[in-house]
Amino acid sequence: MCGIIGYWNIDNEALPILSGALKKLEYRGYDSFGFATLNNGQIYIEKQIGKISEVKYNNIPGRVGIGHTRWATHGGVTKQNSHPHKDCTGKIAVVHNGIIENFQELKRRLVDEGHKFLSNTDTEIIPHLIEEKLASGLDLKQSVIKISKILKGRNAFIVLDAETNEMIAIRNGSPLILGLKDKEVFIASDIPAFLDKTKEVIYLDDGQLAVIRNERPEFYDINTGKRIIKRLIKIDWNQNQAEKGSYAHFMLKEIIEQKNTIVAAINQDETQLVRVAREINNATNGVFFIGCGTAARVCHIAEYIFSKVANKRINYIPASEFENYKHFLSPETLVIAVSQSGETADVLDALKIAKSKGAKIISILNVIGSSMSRISDYTFHINAGPEKAVASTKATTSQIAVIILLSYACSGKIKDGEKLLMELSGEINDMLNPRYQEHIKNIATILSDEKVQNMFIIGRGINYPLSLESAIKIMEVSYINAQGFAGGELKHGPIALIENGTPVIVLVADDNDKAKILSNAMEVKSRGAYIIGISPDNNNIFDYWIKTPRVDSVGSAIANLIPIQLLSYYLGVAKGYNVDYPKNLAKSVTVN
């Protein structure tokens, strides 16, 4: 959600670095932004409403500073509510990501004691609490540790102190990562913020803080107050992966990158695949796949893949609902979490429940060193590289690819899984050509010109959960009310919504469900719908046909999804929307 950046150095002006970093975090979603810099013992603040790339803001001096992009939760979208926030003395400035659940009672006490508040945010209590602790004789580190134990909820924040020229970063649930380069220190909520500057990073874990007085940060455990040693990690992402290049949008770039990312996802440690497959096969008290949003749809698809490939029953549960299943968990349970960022709040909460019950945890992730990877027993990185568009595309198909590999490992046929995915990758490479894109763009233009308000997607087998993910893509990028249904469920209610001119997308695989889903397509067509067929073969039922590779149902989980991603993209573009940053959405939902 909110983007955080901190910068310490002795040579460069901070503001250009801070603003450039926040521009790289725009994909997280925000409605206002602000900076605080430190110069000659004074803190300078600049805040604005809107996008950094679209709004003019004043230059402020200083070589040390913090910045923030805010997505409003507590308090409306105003300059006053934008971060950073200061204390009464003006010597402390704070940027914060997360939610302080008990801020109202803390704020009431601070107001009663004479503190003056300028915003309606929960964040503003932090600098005032620090001010209070400093006045009692504690130093900055002691003050931050003290108040971290008072604040309830998942959060992370950076403190800037004009008196001591210190910066402190602290994590309790929301991500914070440090980047180190020569005489520069970067702190951010996500790696792309400083990827063009350094690839050497240190991840703060929950209950840890970093004190920055020079180019060598010191790290401390919040609970004990003792200094700790943190490991420096070198990441293998490159800056080109995090830039649009010649593409109009990150979303289109990331869709096209699937020519390569599916192959990259196959690059897994075979020994670990076999080991985890053994854990899945031997889990006597259930295997649960959990995720949120698109990742949840991937988990739903996994149910079908494991059933077909490995003859194995696994359970899919949205991570936000996982708590309701905690009574079934035990040390003989296996929980497999799917996430792009590895920082999704509901997934992390679910994994804490699993840990408390002794269950083993496996994560399928894109971001190396994320919170989920550090609490998992086993981690598979999907190797998709930075994904910056809010709507997930390449990470989704890479997650599915890893799940296909795992299912084949469970049946003792890893090489068959690798062969399937390599052949599919070649088919995808051929499919994603300019003429194919133009064909889908033309269909999107027709739908946009007709001002379509409602759209339905139907599928059977694996293509049923794929229809649900298709609906998510269309809704989040084009704002069309899209709904996915199992083809066999049409007569049990949804068919009442079909009328003349209703577009229905039919997902077809070359499998045993093909005849049945085409029959469902005829049912809706006879009631006035026009049909967009996503299929290996054309059919006279289709009004428009988008060709896909001839693969079985397992392969169609990837092959049929990519044209939906393109259709969603071109629908959003045709309607004039910012497809990289859909309204009301954020890339990484790090608060509940």
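Biologist: What should I know before we start?

Modeller: This is a predicted model: local features need pLDDT of at least 70, side-chain atom pairs count only at pLDDT 80 or more, and totals for chains, interfaces and linings use all residues. Residues are numbered from 1 along each chain as its sequence is written, and side-chain values use heavy atoms, with hydrogens and water left out.

Biologist: Start with α13. What should it span, and how far apart are its end C-alpha atoms?

Modeller: Helix α13 covers residues 434-449, which is 16 residues. At 1.5 Å a residue it should span 22 Å, and its end C-alpha atoms are 22 Å apart, which agrees. The expected span is 1.5 Å times one less than the number of residues. Helices here are DSSP runs (H or I, at least four residues), strands are E runs of at least two, and both are numbered from the N terminus.

Biologist: Which residues of α13 are buried?

Modeller: Y436, Q437, I440, I443, A444, L447 and S448. They cover an arc of only 140° around the axis, which puts them on the same side of α13. That arc is taken from the directions from the helix axis to the C-beta atoms. Buried means under 20% relative accessible area, exposed over 50%, and partly exposed in between (1.4 Å probe, protein chains only).

Biologist: Why would spaced-out residues point the same way?

Modeller: An α-helix has 3.6 residues a turn, so residues three or four places apart point the same way.

Biologist: And which residues are exposed on the other side of α13?

Modeller: P434, R435 and D449.

Biologist: What happens at the start of α13?

Modeller: A side-chain oxygen of N433 comes to within 3.1 Å of the backbone nitrogen of R435. After α13 comes K451, with a positive phi near 50°.

Biologist: New topic. What is the volume of the second largest pocket?

Modeller: About 220 Å³. A volume is the space filled by probe spheres set on grid points, which are joined across faces, edges and corners. On a 1 Å grid over the protein atoms alone, a pocket is an open set of points with protein on both sides within 12 Å along at least five of seven lines.

Biologist: How many residues line it, and which lie nearest its centre?

Modeller: There are 13 in the lining of the second largest pocket, and K47, H85, K86, L118 and E124 lie nearest its centre. Lining residues have an atom within 4 Å of a point.

Biologist: Where is P84?

Modeller: P84 is in the loop between β4 (64-70) and β5. A cis peptide bond joins H83 to P84, with omega about 5°. Most peptide bonds are trans, and most residues other than glycine have a negative phi.

Biologist: What is phi for N40?

Modeller: Near 50°, a positive value in a residue other than glycine. N40 sits in the loop between β2 (32-39) and β3. At 76% relative accessibility, N40 counts as exposed.

Biologist: Last one. Is Q272 buried or exposed?

Modeller: Q272 counts as buried, at 17% relative accessibility. It lies in helix α7 (residues 270-282). The side chain of Q272 reaches the backbone oxygen of T379 at 2.8 Å.

Note on methods:
A polar contact is a pair of N or O atoms within 3.5 Å; within protein, one must be able to donate a hydrogen and the other to accept it, and residues adjacent in sequence count only if both atoms are side-chain atoms. On a 1 Å grid over the protein atoms alone, a cavity is a set of points where a 1.4 Å probe fits but cannot get out, and a pocket is an open set with protein on both sides within 12 Å along at least five of seven lines; lining residues have an atom within 4 Å of a point.
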